[in-house]
Amino acid sequence: MKLEGKVALVTGSSQGIGQAIAERLAQEGANIVIDYRSHAEGAEETLAKVEATGRKGLTVKADLGVISDIRQMIQSSIEHFGKLDILVNNAGIEKHGSFWEVTEADYDNVLNVNLKGVFFTTQAVVQHLIEAKQTGKIINISSVHEELPFPHFTSYCVSKGGVKMMMRNLAIELGPLGITINNVAPGAIETPINTNLLNDKEKLGALLKNIPLGRLGKPSDVASLVAFLASSDADYITGTTFFVDGGLLWNYQEQ
Ligand code: BGC
């Protein structure tokens with residue numbers, strides 16, 4: 001077990017990739033704060049998975065687009081477990097729409113959770129680490145779309161590109177404090193965010209043709225990398241993006 005005695009906060013861990021990360025970090029010995037926005041039953045399911053490993057969990061409801069919710073979430077985590085060592089910024093949403101049709105509300109929803117939420121959750125955790133004179137590890141779940149264009153998902157790409165530059169900047173600012181920060185960038189993973197795609201045989205077939213490994217990823221494919229980056233095995237790694245995409249990003253072929 002690589003994470004014995006550690007406490008990890010995983011945002012958006014009531015389902016999908018976040019749930020798999022919460023479970024995997026618990027298997028490695030960490031106690032887990034399970035953040036969710038609206039899916040309370042999913043958070044309870046995650047809690048049961050965490051507890052089944054013998055570790056402890058705490059569910060916290062927060063809208064990461066709202067700074068007072070973020071502060072409350074961090075405060076409850078520290079009150080409950082006494083500290084935080086690992087932050088996984090996983091919560092994310094996307095909204096399909098042609099650029100010329102995107103509304104202010106849709107734009108704000110995506111950017112508030114995916115970018116502003118990551119910014120201020122990280123800030124609150126860093127403030128805690130500084131106060132506690134403690135080192136820590138921050139892992140952002142980004143996307144292949146921090147690099148790769150995704151037409152009709154421009155606000156999503158803007159948010160993920162922003163998270164890429166935030167991570168690079170913070171690696172420099174936080175390095176002297178002993179805090180590392182890296183991005184994990186999934187490709188197409190079997191999760192609720194992809195429900196439409198999974199139900200559309202034609203779209204799915206076309207996507208699979210673009211994935212050299214010939215399958216969608218599983219949440220556990222992402223979680224295993226996060227467990228490594230959260231552990232002391234990754235102490236010298238900061239400022240980097242790791243792609244978990246079956247080869248999708250760099251696949252170009254002339255027919
Ligand atoms: C998006 C998915 C998409 C995948 C591959 C992810 O970041 O959330 O909707 O299928 O990238 O394009």
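Helices (H or I, at least four residues) and strands (E, at least two) are DSSP runs, numbered from the N terminus.

**Figure 1. Overall fold of the protein chain.** The chain contains eight helices and seven strands. This is a predicted model, in which local features need pLDDT of at least 70 and side-chain atom pairs count only at pLDDT 80 or more, while totals for chains, interfaces and linings use all residues. Residues are numbered from 1 along each chain as its sequence is written, and side-chain values use heavy atoms, with hydrogens and water left out. The C-alpha trace spans about 55 × 40 × 40 Å along its principal axes. Its radius of gyration (taken over C-alpha atoms) is 18 Å, which agrees with the value near 18 Å for a compact globule of 255 residues; the globule rule is 2.2 Å times the number of residues to the power 0.38. Of the 255 residues, 49% count as buried, where buried means under 20% relative accessible area, exposed over 50% and partly exposed in between (1.4 Å probe, protein chains only).

**Figure 2. Surroundings of the ligand.** The residues around the ligand are Glu94, Ser143, His145, Phe150, Tyr156, Gly187, Ala188, Ile193 and Asn194, each with a heavy atom within 4 Å of the ligand. This shell divides into four nonpolar residues, four polar and one charged. In that division Ala, Val, Leu, Ile, Met, Phe, Trp, Tyr, Cys and Pro count as nonpolar, Asp, Glu, Lys and Arg as charged, and the others, Gly among them, as polar.

Figure 3. A polar contact is a pair of N or O atoms within 3.5 Å. Serine 143 places a polar side-chain atom 2.6 Å from an oxygen atom of the ligand, and for histidine 145 the corresponding distance is 2.7 Å. In the side chain of tyrosine 156, an N or O atom is 2.8 Å from an oxygen atom of the ligand. Taken alone, the ligand exposes 310 Å², of which the protein buries 90%; these areas come from the Shrake-Rupley method with a 1.4 Å probe.

**Figure 4. Aromatic pairs.** The structure holds three aromatic pairs. Phenylalanine 119 and phenylalanine 120 form a tilted pair, 4.9 Å centre to centre with 50° between the planes. Rings of Phe, Tyr and Trp (its six-membered ring) pair if their centres lie within 6.5 Å; planes under 30 degrees apart count as stacked, over 60 as edge-to-face and the rest as tilted. Phenylalanine 119 is partly exposed at 43% relative accessibility, as is phenylalanine 120 at 24%. The ring centres of phenylalanine 150 and tyrosine 156 are 6.4 Å apart and their planes stand at 70°, so this pair is edge-to-face. Phenylalanine 150 is partly exposed at 26% relative accessibility, whereas tyrosine 156 is buried at 8%. Phe150 and Tyr156 belong with Phe153 to one aromatic cluster.

**Figure 5. Loop between β5 and α5.** Proline 151 sits in the loop between β5 (136-141) and α5 (154-174) and is exposed, with a relative accessible area of 58%. Its C-alpha is 8.5 Å from that of phenylalanine 99, at a separation of 52 residues in sequence. Histidine 152 lies in the loop between β5 and α5, is partly exposed at 36% relative accessibility, and has a positive phi near 75° although it is a residue other than glycine.

**Figure 6. Loop between α4 and β5.** Lysine 133 lies between α4 (104-132) and β5. Its phi is positive, about 50°, although lysine 133 is not a glycine. The residue is exposed, with a relative accessible area of 77%.

Conventions. A polar contact is a pair of N or O atoms within 3.5 Å; within protein, one must be able to donate a hydrogen and the other to accept it, and residues adjacent in sequence count only if both atoms are side-chain atoms.
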